[in-house]
Amino acid sequence: MMCQQCNERPATLHFTKIVNGEKTEFHICENCAKEKGDHISGISNGFSIHGLLSGLMDFESGKYKTAGAPSPETLRCEQCGMTFSQFSKLNRFGCSSCYNHFSSRLDPLLKRVHGNTTHIGKVPVRAGEKIHLKRRADELKREMQEKINLQEFEEAAKLRDQIRELEKEIAQE
């Protein structure tokens, strides 16, 4: 789908606005969003992408700050040097390590937005086998714990052996 603003680049940002049951969709490219100052034309209240993400993350209120956790200004990615405050303004990470360094602040956000911090949707075909094995191992671990709680130790031992076999397969891939 092409950008509705420039009709030159593929649309990478997709918004749906529903007002009084009337649905309006906006599809724009990242460049047009930047040129418009992250404001989407056709939306009367001056909707801002930064405003949306900041509101979801509740940056200003510090709602998700935990006792003893570093402040957004001091929490910094060791790889690229980006601070959490910079991320909150840019809404973009500096590198792949930022996910790990900011995970303590991202987990509450992901739970709030997606309802969970673990992906449970579709699995890519190429990486699917390993993911399916991991999910199966997790299921068996839960079953094993139930058997232990019920003091069915022989069944738990069988499950333990199955888990070990799966973990060997996972390690080989």
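Modeller: Let us begin with the record. An unreviewed UniProt entry annotates residues 134–169 as "domain: UVR". Please keep in mind that this is a predicted model. In the model, residues 134–169 are 92% helix and 0% strand, and the end C-alpha atoms of this stretch are 10 Å apart.

Biologist: Which residues does the annotation "coiled-coil region" cover?

Modeller: That annotation, also from the unreviewed UniProt entry, covers residues 130–169. The span is 92% helix and 0% strand, with its end C-alpha atoms 8 Å apart. Such annotations may be inferred rather than shown by experiment.

Biologist: How many helices and strands does the chain have?

Modeller: The secondary structure comes to 7 helices and 2 strands. Along the sequence, their order is β-β-α-α-α-α-α-α-α. Of the 173 residues, 25% count as buried. The accessible surface is about 12400 Å², and carbon and sulfur atoms account for 50% of that area.

Biologist: Which residues of helix 6 are buried?

Modeller: They are Gly128, Leu133, Ala137, Leu140 and Met144. Seen down the axis, these buried residues fall within an arc of 165°, so they line one face of helix 6. The face turned away from that buried side carries the exposed residues Arg142, Glu146 and Asn149.

Biologist: Against what do the buried residues of helix 6 pack?

Modeller: They pack against helix 7. The relation is also found from the other partner, as the buried residues of helix 7 pack against helix 6 (128–149). In helix 7 the buried residues are Ala156, Leu159, Ile163, Leu166 and Ile170. They cover an arc of only 80° around the axis, which puts them on the same side of helix 7. On the other side of helix 7, Glu154, Lys168, Ala171 and Gln172 are exposed.

Biologist: What lies in the loop between helix 6 and helix 7?

Modeller: Gln151 lies in that loop. Gln151 is exposed, with a relative accessible area of 61%.

Biologist: Where is Asn7 found, and is Asn7 buried or exposed?

Modeller: Asn7 is found in the segment before strand 1 (13–19). Asn7 is exposed, with a relative accessible area of 56%. Its phi is near 55°, a positive value in a residue other than glycine.

Biologist: Which residues make up the largest nonpolar core?

Modeller: To read a core, one looks for buried nonpolar residues joined through side-chain atoms within 4.5 Å. The largest has 10 residues: Leu75, Cys77, Met82, Phe84, Phe87, Phe93, Cys98, Phe102, Leu106 and Leu109. Helix 3 (84–90) and helix 5 are the elements that give two or more residues to this core. A second, separate core of 9 residues includes Leu140, Leu159, Leu166 and Ile170.

Biologist: Which residues of helix 5 are buried?

Modeller: In helix 5, residues 103–114, the buried residues are Arg105, Leu106 and Leu109. They cover an arc of only 90° around the axis, which puts them on the same side of helix 5. Ser104, Lys111 and His114 are exposed on the other side. Gly115 follows helix 5 and has a positive phi, near 85°.

Biologist: Where does Phe93 lie, and which residues does Phe93 touch?

Modeller: Phe93 lies in the loop between helix 3 and helix 4 (98–101). Phe93 is buried, with a relative accessible area of 17%, where the cut-off for burial is under 20%. Leaving aside residues up to four places away in sequence, Phe93 touches Met82, Phe87, Cys98, Tyr99, Phe102 and Leu106.

Note on methods. Residues are numbered from 1 along each chain as its sequence is written. This is a predicted model: local features need pLDDT of at least 70, side-chain atom pairs count only at pLDDT 80 or more; totals for chains, interfaces and linings use all residues. Side-chain values use heavy atoms; hydrogens and water are left out. Buried means under 20% relative accessible area, exposed over 50%, partly exposed in between (1.4 Å probe, protein chains only). Helices (H or I, at least four residues) and strands (E, at least two) are DSSP runs, numbered from the N terminus. The arc is that of the directions from the helix axis to the C-beta atoms. Contact means heavy atoms within 4.5 Å. Accessible areas come from the Shrake-Rupley method with a 1.4 Å probe; for residues, only the protein chains shown count as cover.
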